[in-house]
Amino acid sequence: MNLENVEKQFNQCNKCGLCLATCPVCKELLLEKYTPRGKILLARYYCRGGLDLSARCRDIFAECLLCGACSATCPSGVDLTGVFVAMREELAANKGLHPKLKSAVESLIKNHNISDEDNAERGEWRDDIRNMPDHMYERDRAEVVYFVGCVASFFPMVQEIPRNLVQILDSAGEDFTILAGEEWCCGFPLIGAGAPDRMKELIDHNLEKVKALGAAKIVFSCPSCLRTWKEYYNTDLELFHSTEFIQNLIDKGNISLRNLSVKVTYHDPCDLGRNGRVYEAPRQILKSIPGLTLVELEKNRAQSVCCGGGGNLEMADPELSKKVAQRKIEEIRDTGAEIVVTSCQQCVRTIKGMVRRKKVAIDVIDITGLVKRAIAHG
Ligand code: SF4
Ligand code: SF4
């Protein structure tokens with residue numbers, strides 16, 4: 001969305017305040033300017049020339065998870081998150097990048113990942129795989145590319161996600177490859193930082209590398225990488241989240257699952273569920289595991305509450321991100337489940353970090369980990 005559309009979006013708003021009730025940030029910052037309704041009013045003042053952009057204004061728009069709960073709730077169909085992303089871009093262009101995001105953006109452009117690491121080390125998560133095949137999951141040609149994403153590649157807490165997924169794909173006989181050091185960040189953090197204009201080099205590179213492999217499909221374990229490819233990459237390739245891909249493998253009988261007598265709850269990641277409309281594939285996978293009991297969170301599917309890890313908030317305001325995560329843990333604990341399953345590396349990081357901090361007795365696991373556990377010969 002460009003800012004010309006803000007007036008139209010604002011005029012659609014009837015000021016009912018329903019978006020305030022679902023916004024996780026509003027529950028912590030009790031001032032109108034931090035609410036979705038308040039922020040759209042600020043955006044409209046700005047577009048009418050009645051508001052000088054200031055660093056403080058940039059901070060207000062940074063206090064948001066871009067989780068989409070407000071847009072999903074709004075009875076008038078106001079595209080609140082579209083306005084917020086456009087305002088972040090405007091603020092970055094006029095006032096510069098948010099100071100807490102500046103070094104991360106510069107490092108991403110230089111290193112092609114968000115972790116300030118040598119990108120050649122992107123495939124090091126493979127080091128702990130037992131019985132590693134000679135090809136190490138890197139092939140010259142393949143039908144499917146597994147796009148791992150920066151967080152699962154570099155953060156030890158979640159590197160088991162790619163380790164599990166490659167072994168699941170292997171056990172199902174899939175013809176797939178990873179890009180390893182040739183995979184570059186998809187560009188997603190640049191959207192939230194207000195710098196989508198700096199994505200082009202990343203997009204061109206990733207498209208070229210995938211094309212060179214002759215692949216027809218890409219599978220993503222990161223919902224935000226998938227969303228970025230769908231919305232910003234102009235490609236005819238078939239794009240799947242790992243849950244959709246695994247569900248297909250189960251339906252075709254290429255994966256068989258043994259009994260796991262566990263009570264689990266499922267957290268819908270914002271970019272997979274509400275923003276990607278993938279609600280049923282993970283639930284179908286869980287229901288395919290004999291003995292497993294699924295108890296839903298009070299707020300699930302489109303009403304799911306963000307874990308606190310969205311919108312670059314963890315970088316801009318880590319304390320606020322933690323407060324949102326704390327409320328998420330309380331909702332999870334109320335289910336009485338022994339395991340919370342999700343399907344996003346960032347949700348696993350955020351929830352697991354808070355579970356450890358608060359010493360809560362619950363396992364936090366990506367769905368690939370549960371599938372790996374349940375594979376009959378795994
Ligand atoms: S996107 Fe999420 S955090 Fe941001 S205003 Fe909307 S509900 Fe609140
Ligand atoms: S829910 Fe929609 S109509 Fe109601 S205040 Fe929020 S943006 Fe306006």
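Start with one pair: Val145 stands opposite Ile218 in β3, where strands are DSSP runs of E of at least two residues and helices are DSSP runs of H or I of at least four, both numbered from the N terminus. The model is predicted, so to speak of local features pLDDT has to be at least 70, side-chain atom pairs count only at pLDDT 80 or more, and totals for chains, interfaces and linings use all residues. Residues are numbered from 1 along each chain as its sequence is written, while chains are lettered from A and ligands numbered from 1 in the order in which they are written.

Contact here means that the C-beta atoms of two residues, placed from the backbone, lie within 7 Å.

On the β2 side, Val144 stands opposite Phe176 and Tyr146 opposite Ile178. Leaving aside neighbours within four places in sequence, Val145 is in contact with Phe176, Thr177, Leu179, Val210, Leu213, Ala215 and Ile218.

Val145 and Tyr146 turn up again in the core. Together with Ile351, they touch the most other members of the largest nonpolar core, which has 112 residues. Such a core is a set of buried Ala, Val, Leu, Ile, Met, Phe, Trp, Tyr and Cys residues joined through C-beta atoms within 7 Å. The largest share of this core, eight residues, comes from helix α6 (residues 80–95).

A second open sheet of four strands runs in the order β6-β5-β7-β8, again with parallel pairing. Its edge strands, β6 (293–294) and β8 (363–366), each pair on one side only. Three bridges link β5 (residues 263–266) and β7 (residues 339–342) in the parallel sense, and Thr265 stands opposite Val340 in β7. Helix α14 (residues 280–288) packs on the sheet against β5, β6 and β7, its direction making about 175° with that of β5. Helix α17 (residues 345–357) also packs on the sheet, touching β7 and β8, at about 170° to the direction of β8.

As for ligand 2, 14 residues surround it, the closest being Cys13, Cys16, Cys19, Arg37 and Cys74; a residue counts as near if its C-beta atom, placed from the backbone, lies within 6 Å. Helices α2 (18–22) and α3 (36–47) are the elements that give two or more residues to this shell. By class, the shell has eight nonpolar, four polar and two charged residues, with Ala, Val, Leu, Ile, Met, Phe, Trp, Tyr, Cys and Pro taken as nonpolar, Asp, Glu, Lys and Arg as charged, and the others, Gly among them, as polar.

Thr22 lies in helix α2 and is buried, with 21 other C-beta atoms within 10 Å; buried means 20 or more such atoms, exposed 12 or fewer, and partly exposed in between, with C-beta atoms placed from the backbone. Beyond four places in sequence, Thr22 is in contact with Ala69, Cys70 and Thr73. Thr22 and Ser304 are 282 residues apart in sequence yet 9.4 Å apart in space, C-alpha to C-alpha.

Methods:
Two strands pair if DSSP finds at least two bridges between them. Axes are lines fitted to C-alpha atoms, for helices over the stretch in contact, and angles run from 0 to 180 degrees between N-to-C directions.
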